[in-house]
Amino acid sequence: MPRTYDMALRARRTEETAARIRDAAWAYFSARPFDEVTLAAVAEKAGVSVPTVRAHFGRKEDLFLAGYLDWGMKAVQSREEARQKDPLTAVRSLLADYERAGKVGLHLLAEEDRFPAVREMTESGRAYHRWWLGEVFEKQLAGLEPAREERRLAQLFLITDLSGWKLLRIDLRLSRRRTESAVLEAVQSLSGIA
């Protein structure tokens, strides 16, 4: 019996260490260029050694992936909850996510052309966003001829993409409320939602 307890305790400590390393790594990856993040800096921030980081995650790319997936799963969970609601509420939720984590997403987009590991993640994020829009606007897209449906989905993507939020919110310096109004009006116009 004590042996089972020791194994459970060891497993919990191992996961706690891995979580500390992931969190420390993501603090760097989400704010600094990929090539400037070192395993030594991550190890120091997490309070472990570089061999411990390597034992848990292997290469820097694998550590990046683990941090990204942890961060990304939180965004996916929020989007999945929003997807179950009406389209305008779902888009409002999406914009709220951009307010919370949009700058991290923009940082990753700025890195994607330089690092294959980052590019892989941003491409999967775009594919997920496109799929999500198809689900959210399924009723509004139904019945359109295929070419028109594809065009409409591309237009909805353009309006709701992170780069569109950046243009309105950061580049044009619209308030959060005005940004939301602009996006929702465009979505309503495209989708026929009153």
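Biologist: Where is Glu61 found, and what makes it partly exposed?

Modeller: This is a predicted model. Glu61 is found in helix H4. Its relative accessible area is 30%. Buried means under 20% and exposed means over 50%. The value of 30% lies in between, so Glu61 is called partly exposed.

Biologist: Which residues does Glu61 contact, beyond its neighbours within four places in sequence?

Modeller: Glu61 is in contact with Phe34 and Ala117, with those neighbours left aside. Contact here means heavy atoms within 4.5 Å. For a distance along the chain, take Ala101: Glu61 and Ala101 are 40 residues apart in sequence. In space they are 21 Å apart, C-alpha to C-alpha.

Biologist: Why does Glu111 count as buried?

Modeller: Glu111 has 6% relative accessibility. The cut-off for buried is under 20%, so Glu111 counts as buried. Glu111 has its place in helix H5. Not counting residues up to four places away in sequence, it touches Arg32, Pro33, Phe34 and Val118.

Biologist: And Arg173, why does that count as exposed?

Modeller: Its relative accessibility is 72%. Exposed means over 50%, so Arg173 counts as exposed. Arg173 lies in the loop between H9 and helix H10, which runs 176–191.

Biologist: What is there to say about phi of Arg173?

Modeller: Phi of Arg173 is near 60°, a positive value in a residue other than glycine. Most residues other than glycine have a negative phi.

Biologist: How many helices and strands are there?

Modeller: The protein has ten helices and zero strands. Along the sequence the pattern reads α-α-α-α-α-α-α-α-α-α. The C-alpha trace spans about 60 × 40 × 30 Å along its principal axes. Of the 194 residues, 41% are buried. Among contacts between residues at least 6 apart in sequence, 67% join residues at least 24 apart.

Biologist: What makes a set of residues a nonpolar core, and which residues have the most contacts inside the largest one?

Modeller: The members are buried nonpolar residues such as Val, Leu and Phe, joined through side-chain atoms within 4.5 Å. The largest nonpolar core has 28 residues. Those with the most contacts inside it are Trp132, Leu133, Phe137, Leu156, Val183 and Val187. H5, H6, helix H8 (146–160), H9 and H10 each give two or more residues to this core. H5 supplies the largest share, seven residues.

Biologist: What does Leu133 contact, leaving aside its neighbours within four places in sequence?

Modeller: Leu133 is in contact with Leu153, Leu156, Phe157 and Thr160. Apart from this core lies another, of 26 residues, among them Ala18, Phe29, Val37 and Phe57.

Biologist: Which residues lie nearest the centre of the largest pocket?

Modeller: Tyr68, Trp71, Ala75, Arg79 and Gly125 do, out of 30 lining residues. The volume of this pocket is about 790 Å³. H4 (60–83), H5 (87–111), H6 (116–136) and H9 (162–171) each supply at least two residues of the lining. H4 gives the most, with ten.

Biologist: How does the lining of the largest pocket divide by class?

Modeller: It has 15 nonpolar, nine polar and six charged residues. Arg79 is one of the residues nearest the centre. Arg counts as charged, so Arg79 is classed as charged.

Key:
Residues numbered from 1 in each chain as written. Predicted model: local features only at pLDDT ≥ 70, side-chain atom pairs only at ≥ 80, totals over all residues. Heavy atoms only, no water. 1 Å grid on protein atoms, 1.4 Å probe; cavity = no way out; pocket = protein on both sides within 12 Å on 5 of 7 lines; lining within 4 Å. Points joined across faces, edges and corners; volume = space filled by probe spheres on them. Helix = DSSP H or I, 4+ residues; strand = E, 2+ residues; numbered from the N terminus. Buried < 20%, exposed > 50% of the residue type's maximum accessible area, 1.4 Å probe, protein only.
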